[in-house]
Amino acid sequence: MKRKTIIIISSLIFILTITGCEEETLEVRETKRGYTIEEKGIFPWGDGGYTYCIKDDIFFLTGDDQNDHYYRYEMSLETEEFRERVTEIKDNQENNVHQCINSKYGCIYVDNEYIMNENKESIGEKITYYIQEDKNKNILYNETYYYGENMFRSNMSYSEEDEKLYLLEGKETEVIFYERVDDSWLEIKRLPYQQDQYQLEYCSIDNGLNAIYSSDEYTRLVLGEEEYVIEADDLYWISDDFILVETINERYLPETTYLIDRTTQRKYDLNRIIKLDQIKPMSKTTFIYPEMVGYISTYNIAVISGMKMNIYETPFEDTYKVIGIDEKRALFFHYDSEEKMITVYLLKLEE
């Protein structure tokens, strides 16, 4: 049996060895009640693929068919107003990709122009972040990035919670984090690509300054001022208040799932296995996951609050697609290949 070790580092160094310490079990309540299900609509569909998303309580379903038409269906979850739009498919090779980040500064536009170097041996991007006011461009940051030269591409993110604008800049040997102060960028942290035996695999500014380092034996999670180390094969899901860890044994099979309280650093055994690579988040404390019941896999909804977990067993099998809206609502929908119809259901938690 492998030895499970977690290391938590803040202003002081705290080491918690999982084996050899007393474990606590999270209180779990299971129920088939506590929610309502409502059919919201039936969408016609062609032979092509489809994608879906939720924005501002509008359900969007988009895709194409064999006649080279682009379809977009929109439905308000509140009024159930339904709209269909059909247009010709756009050229996927279009050079400029136009995006927008909403912020207190206004809309921050992102332009990506795909380029090649002088020797035509490397493909890259010219990235520009700017604010457009009338015909005047206020450029916040631009970069020319060639694939393979830097480990990470630069990225900008706006935090609605503290109304701050952040920049992640990928350099040759490290990543630098900046915060926008007045009209300039203030450096707040640097992360090297290589640190002791660890290699930087991922970093993000979307929900705080987070990074993931890995070695042959361990995975190191850098979450702001906190650091957690788990075994390399273990899976994890990070929330503001806790971390879920799914341990993997020597045969690469799931062994158990436990929770770390990020406030107290206490560990709680869930007394069950939750496959963290299959969960669908609804909020920072609520997620959907499949569980086998006999020979059928159905979706459950787990709500973690106050170091207690409520599990709602739903009737939806994992053949349904699912998308979380918020901590109380989720959409389930099923594609009927014979009728070429997609039926959408809205589940609401009552508690």
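Guide: Ile54 has a relative accessibility of 23%, so it counts as partly exposed; with a 1.4 Å probe and protein chains only, buried means under 20% relative accessible area, exposed means over 50%, and partly exposed lies in between. The model is a predicted one, in which local features need pLDDT of at least 70 and side-chain atom pairs count only at pLDDT 80 or more, while totals for chains, interfaces and linings use all residues. Residues are numbered from 1 along each chain as its sequence is written, and side-chain values use heavy atoms, with hydrogens and water left out.

Ile54 belongs to strand β6, residues 50-55. Strands here are DSSP runs of E with at least two residues, helices are runs of H or I with at least four, and both are numbered from the N terminus. When neighbours within four places in sequence are set aside, Ile54 is in contact (heavy atoms within 4.5 Å) with Phe59, Leu77, Ile323, Ile325 and Leu331.

Val181 is in strand β16, residues 174-181, and its 30% relative accessibility makes it partly exposed. Val181 and Leu165 are 16 residues apart in sequence, with 8.4 Å between their C-alpha atoms.

The protein chain has 33 strands and zero helices. Of its 351 residues, 43% are buried. Among contacts between residues at least 6 apart in sequence, 37% join residues at least 24 apart. The chain exposes about 20400 Å², and carbon and sulfur atoms supply 44% of that area; such areas come from the Shrake-Rupley method with a 1.4 Å probe, and for residues only the protein chains shown count as cover.

Residues up to four places away in sequence aside, Leu259 touches Leu26, Phe242, Ile243, Leu244, Arg266, Lys267, Tyr268, Leu270, Ile304 and Met307.

Phe287 also takes part in a ring pair. The whole structure holds nine aromatic pairs. The ring centres of Phe287 and Tyr289 are 5.9 Å apart and the planes meet at 50 degrees, so this pair is tilted. Rings of Phe, Tyr and Trp (its six-membered ring) pair if their centres lie within 6.5 Å; planes under 30 degrees apart count as stacked, over 60 as edge-to-face, and the rest as tilted. Phe287 is buried at 0% relative accessible area, and Tyr289 is buried at 1%. In the pair of Phe316 and Tyr320, the centres are 5.2 Å apart and the planes stand at 65 degrees, so the pair is edge-to-face. Phe316 is buried, at 5% relative accessibility. Ring pairs also link Tyr299, Phe316, Tyr320, Phe332 and Tyr345 into a cluster.

The charged end of Arg180 sits over the ring of Trp185, 5.0 Å from its centre, and Arg220 lies over the face of Tyr198 at 5.7 Å from the ring centre. For this, NZ of Lys or CZ of Arg must be within 6 Å of the ring centre and within 35 degrees of the ring normal.

Three loop residues complete the tour. Asn249, in the loop between β24 and β25 (254-261), is buried at 12% relative accessibility. Its side chain reaches the backbone nitrogen of Arg251 at 3.0 Å. Asp196 is in the loop between β18 (194-195) and β19 (198-204), and with 71% relative accessibility Asp196 is exposed. Asp196 is not a glycine, yet its phi is positive, about 55 degrees. Asn271, in the loop between β26 (267-269) and β27 (280-281), is not a glycine either and has a positive phi of about 60 degrees. Asn271 is exposed, with a relative accessible area of 60%.

Methods. Polar contact = N/O pair within 3.5 Å; in protein donor to acceptor, adjacent residues only side chain to side chain.
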